Amino acid sequence: MKNYSITYICFVALTISNFITAGTYKIAFGSCLDQDYPQPIWQSIKNENINSFIFLGDNVYGDVPSGELNKMKKSYAHQKKLIPDWLFKKDVNVIWDDHDYGINNGGASYPLKKQAQLMYLDFWNISSDDERRKREGIYTNKFINIDGFIVNLILLDTRYFRSKLNKTIGINSAYKKNLDLNSTILGNKQWAWLEETINKKADLVIISTSIQLLATSHRFEKWSNFPHEHIRMKKLLKQSKIPVLIISGDRHQGAIYEEDNLFEITSSSLNKMLSPSKFIGRPKEVDDAMIGDMYSGENYGLITIDTEKKEYLIELKDLNGQKVRELLVPQNIN
């Protein structure tokens, strides 16, 4: 677990008051939004006066063990009434995770994934000429032009092509490393697309992945369950000539991570905290890449980009909009 010095923390605190100035752009994000739970966090997000919002997966909970999509259809219909209208006046972007994909911890073998993709595209009003209507998987990217400062927002699909997970047997089962070099998270076509897309002209790349990339110590889903894919992704991002920020969800906890000047902020969940009973058998989480510790209350992430200073502030905020984690990242980190 990483700890920044007191000097650095004080520097961040002094800088924040002057950070939100002309030439800034705000992107909020989060994951794990259950349609059957109250959603009071939207008021705090509205108060941020954001420009964009990114849904990082589990945007509804419509999966059942059989994988049938009847509940998914009803869950989407209910969620449509709950997500506030003001949000869709902003720039909204979205990826899925297992609970809005169709089956818990699901991957490429899920037989109804094509139907699930169509349901997903319809719910999010993806236009008929969008590339996601024409190919398998919901990965895509968007360029955000902020007065000449270009953000390349890359939205990955970590479900549709993902190979089988290996798992231990027992009450507190854990995912094991899949050492098969033919196994994959993104699949060949998405990898080729990513390797081309990440090099397009921009000032900042934001990688959106539903599962965590830098965290390696916990027993749940993560990129490091597929070591060769994990290494390949980190190598690609670290070699980028453009600064890269990773955002992720899934965990029902939030934290900030850093490895060799590669930063990740995980935001989860928007309204579905882990119940106390689920903490039984789960010790306090530590990780070599984690800065500080995890936050387990409802939360959302916020990226405030200062296009003049070429730096960005990443924050994790609680239900009431109070900062619980933060880090100021200069743009010249790569």
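**Close-up views of a predicted model**

**View 1. Strands β1 and β13 side by side.** Lysine 26 stands opposite threonine 304 in β13. Strand β1 (residues 24–30) and strand β13 (residues 299–306) pair in the antiparallel sense over 6 bridges, where pairing requires that DSSP finds at least two bridges between two strands, and where strands (E, at least two residues) and helices (H or I, at least four residues) are DSSP runs numbered from the N terminus. This is a predicted model, in which local features need pLDDT of at least 70 and side-chain atom pairs count only at pLDDT 80 or more, whereas totals for chains, interfaces and linings use all residues. Residues are numbered from 1 along each chain as its sequence is written, and side-chain values use heavy atoms, with hydrogens and water left out.

**View 2. The open sheet of 6 strands.** With mixed pairing, the strands of this open sheet follow the order β3-β2-β1-β13-β14-β15. The edge strands, each pairing on one side only, are β3 and β15 (323–330).

**View 3. Helices α3 and α5.** The axes of helix α3 (residues 70–80) and helix α5 (residues 113–123), which are lines fitted to C-alpha atoms over the stretch in contact, with angles running from 0 to 180 degrees between N-to-C directions, come within 11 Å and cross at roughly 10 degrees. The helices α3 and α5 are therefore roughly parallel, a term that covers angles under 35 degrees. In this contact (heavy atoms within 4.5 Å), Met72, Lys73, Tyr76, Gln79 and Lys80 in α3 meet Met119, Tyr120 and Phe123 in α5.

Notes: Parallel < 35°, antiparallel > 145°, perpendicular 65-115°, else oblique.
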